[in-house]
Structures are given as structure tokens and as C-alpha cells.
Amino acid sequence: MSMQVSSSDQHKASEKSKDIRSSNILAAKAVADIIRTSLGPRGLDKMIAKPNGEVLITNDGATILKEMKLQHPAAKMMVELAKAQDVEAGDGTTSVVILAGSLLSNCRGLFNKGLHPTVIAESYQLAANYVQEQLKEMAIPIDFDDHESLIKTATTSLSSKIVSQYSTILAPICVKSMLRICNPAEDTNIDLNNIRVVSKIGGTIDDTQLVDGLVFTQGSAHKANGPTNISNAKIGLIQFQLSSPKSNMDNSIVIDNYRKMDNILREERNYLKKICATIKKTGCNVLLIQKSILRDALSKISLQFLAQLKIMVVKDIERSDIEFISETLGCTPIASIEAFTKDKLGSAELVEEVSTSGGKVVKITGVREEAKTVTIFCRASNKLILDEVVRSIHDALCVMRSLVKSKFMLPGGGAPEIEMSILLHKYADTLPGQKSYAIRAFAESLEVIPYTLAENAGLSPISIVTELRNKHIQGEINSGINVRKGAITDILQENVFQPLLITQSAVTLSSETVSMILKIDDIVASR
């Protein structure tokens, strides 16, 4: 009798594990299906309505998933997968989630054949490692002196964005900014913090420009008719306030006659005048003032004194920008007036306030040669487009970083995925036992990328993928889906490239996430 009870319990536990896995697969697959229509140059956009009433329009996979409100733990794992791809490669966030969804979908057939989840997970890891090796053999070494190839790779990244028609403007900007801050032939990584992306509503995307220096969107503080154009600038960056001192505690001062009031006002003026004179004595003629949350960083009296001394003032500098400004100008942030000395000043050839269609901005150009920094000044007619421009530029810069890290690129248009699918089918034939089934499932899953590209372009996915597979079997490994012509062509001649790192990262991260989901047999709620 005890044996029957034990057998019944085992059966219930087995059924529960199956239900949990099915639930996880369905949740993850549902997330993948949501963003699947956003893949490729002809992918559609998503409109995201936030609780505060804001609207966001994008087709960036990581952004869509980050804004989604998800409850299921497996669905949240897909969001983390997109984040991991964004950190590692910066692009391919939609592809990695679609691939993971396809791998999980094909697990159902493997479960029906009696394969254990651990065997499937191990086989997927084996297939992913094999794909990594084969991708390296398929990859094309990149020549960083060939700027046209770099621009084509950045253009491929931008082609799937809302701003794709402006890729001829944005792609060269991204390439120039990358070449400005590093030596790609020798460096193995790029610090994207050295590229500051500044945005201001007004104008059109055509007005987006690369500035070899700094741009401040708030304009200069010149209510007292101070200067707005300074040549051979000596720039001070201060983190203290140019306003009357206040106690740390809330105190009130009671004044019983006008003479004492005059004395207080006179002392305040003398105090601020002394500070401004100390600043002028060092030769400083441009002053950058960090934003203060405690009190006014700049009073009207001090602004008047600075204007009389012909010192240009830019206030409300964000704390997060201090390090970038210091690196660009060669100045040191100054925390008190006692520490304000000549050796802590930065320099630039020109600081000017420029009028634009969206208001006035301050440009600092002619900075020192040693500064490995650059600013991209983005323009657009409204906030929705402007935010998408910033996201698109970030993705293109991440593509540049991936090229510097891996030094190789691949043909786009689904070519590497279909080639790896064919090679994995051959590899599976050499393996005995259950692993061969799982590796064939992995190979079939890779075909979801070209299938989705064709589907989103309005083509017949089955006939396109079949034709693409035949081309690759015949040895035309650079054949891919040309969504603009609606046919299979040599994708390299169409200038469609993608970094090796993006595809490698997508395969590795998706297989790891799927393996993790497959090994879950229960969900326990914590207290």
C-alpha cells in the first residue's frame, strides 16, 4: 500500500513539474511574441503608455521590455536577458529574446519524445559552443582604416530604427566619435562615458552634429548683461555657491532698525564682491557652476559683479557631468573659494552662446588635444522623436564598441543564422543518442531570425527561408534576405554588416537563459 502511495506522489510531482515548465515556456514565449514584430528594417514600432500619461514610441527590444509590467517570473527572466544583451553588446536585444523564445518553443517536442530537461540544457550548451567556433570561421576581419565599412555597419544598426532615413547623417557621426576617443586597432574596448549625448528639442534630425568639445543646453546666465562670447577662455568649475552664507540650521534674525538692515546688505555685497575679485585675480573669464539642491548657487548680486568683471557664467551644471567636463577641459572641480587657484583652471579656444530654433545653447570648442572626449548634440522637432534619436545613437555607438572588442564582422540579413543552422544539422548527425535531437531543435530555432525578417518585410517566410537555405547549401554563405528588394542577394554587396560580438552574445545568452528556465521544476513563493 505504501508503495502505491509513493508511486502516486511521484506521479503528482512529475505532473506538477511538467505544468511548471509549460507555464514558464508559455510566459517566456508570450514575451518573445510581443516584440517579434519589431525585428528588422521593416519591423513595426510599439507605443507604450506610461502611468503618468507619457507616451513612448520605439522598436528597441530592451526599451520595450523595460517598460512592460510583467508578473510571471519566467517573463521577467526574458527582460533580464534583454538587459544582459544590452550591457554586453548594446544591440541585438530583440534578436536575443526571439531566439530564446524559439528555443523554448522547440523544447515541447523534445519533452514529448521523452528527453529530460537536463539533457536538453546540456545539448543546447554544446550547440551554442559549436556555433561560437563556426561563427569565428565565418567572420570577416575588419579594417579600421576603411571608414566606409564602419559607416555601413553603423547604418545597418540604424536601419531598423524610426530614424533610419537619417542614417546617412547619424552613422558618420557615430563612427567619427568612436575614432576620436580611441585607437580601434590597438584598444580592446571603448568607454562610452567619454561620448556625451546631449539633446534639445527644436530643429530637425538633420541639425544633429558632432561637437569636439562641450555643449550646455541651458544657455549662459547673463541677466546683468555679462559676456556671451569669450576667446582664449580660462575656465573654472566650481562646486560652491556664489550667494550669501546661511547657517546649517533654520534660524531667524530679528532686525529692530534700518541701520542694521543696511549693515547686513552691505556685508553681503562685500562678501560676494571679495569672492568675485578672487576669481578674477586667477585670470578666470568663464565660470561653470554646479547645480545646488540646498540653496541658490548664484545670487543676482554675484551675477552682477561677475558681469562687471567680464566673466561669462554657465550655471546649473549637473553633478553627473562634472567628471566629463574636467576630462574635456583639463580643469579641476573647486569646492571652496580658498582652493580657487590658477593651476585648477581649464582652457578652450572659444566659449560662445549660440541661438538655435529651440533656444540658446553654450558651445565650448577648441579644447585640448589630450582630451579623449566628444559631444553629440541631438536635435528633433518633438520629445518622442528626440528620445528615439538618443536611443538609436546609443545602439550605433554600442555597435562601434562591439567592433573594437571583437575586431570582426558578419554579413547581416539572417545569413549567419541560416549557415549555423545547416552546420548544426550536420554536426547532430555525428552525435549518438538523445543529444542529436536537441541539437537539431537548436538548429531549427536559429531559423526564426531569417523567418521573422521575411515575415516582417511582408514576404513569404517559408519560400524565402527555403530559398536562403538552398543558397547556403550551394556554398553562397554571404547570401541573406534583402528586405528592400524582397529577394535573396549577396548581403555584403548590399552593405549589410553586423559585429561578430552581437551574434555570439545573442547565441550564448539565449542558450544560458533557456537552460536555466528548463531546469526549474517548481515555483516557491517567499514570505
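Helix H11 is largely enclosed by the rest of the structure in this predicted model, because 17 of its 24 residues are buried. The helix covers residues 383-406, and at 1.5 Å a residue it should span 34 Å; its end C-alpha atoms are 35 Å apart, which agrees with that expectation. After the helix comes Lys407, whose phi is positive, near 65°.

Strand S13 (residues 408-411) runs antiparallel to S3, and two bridges join these strands. Within this pairing, Ile140 stands opposite Met409 of S13. The strands belong to an open sheet of three strands with the order S3-S13-S16 and antiparallel pairing. Strand S3 (140-141) and strand S16 (497-499) form the edges, since each pairs on one side only.

Tyr124 lies in helix H5 (residues 117-138) and Phe442 in helix H13 (residues 435-446), so the pair ties together parts that are 318 residues apart in sequence. Tyr124 and Phe442 are both buried. A stacked pair is formed by Tyr130 and Tyr427, for which the distance is 4.2 Å centre to centre and the angle between the planes is 5°. Because Tyr130 lies in helix H5 and Tyr427 in helix H12 (residues 415-429), this pair ties together parts that are 297 residues apart in sequence. Tyr130 has a relative accessibility of 18% and therefore counts as buried, the cut-off being under 20%.

Most residues other than glycine have a negative phi. Asp316, by contrast, has a positive phi near 60° and is not a glycine. This residue is found in strand S9 (residues 312-317), and its relative accessibility of 36% means that Asp316 counts as partly exposed. Asn495 likewise is not a glycine and has a positive phi, of about 60°. Asn495 is placed in the loop between strand S15 (487-490) and S16. With a relative accessible area of 32%, Asn495 is partly exposed.

Definitions and conventions. Residues numbered from 1 in each chain as written. Predicted model: local features only at pLDDT ≥ 70, side-chain atom pairs only at ≥ 80, totals over all residues. Heavy atoms only, no water. Helix = DSSP H or I, 4+ residues; strand = E, 2+ residues; numbered from the N terminus. Expected span 1.5 Å × (residues − 1). Buried < 20%, exposed > 50% of the residue type's maximum accessible area, 1.4 Å probe, protein only. Pairing = 2+ DSSP bridges. Phe/Tyr/Trp six-rings, centres within 6.5 Å; stacked < 30°, edge-to-face > 60°.
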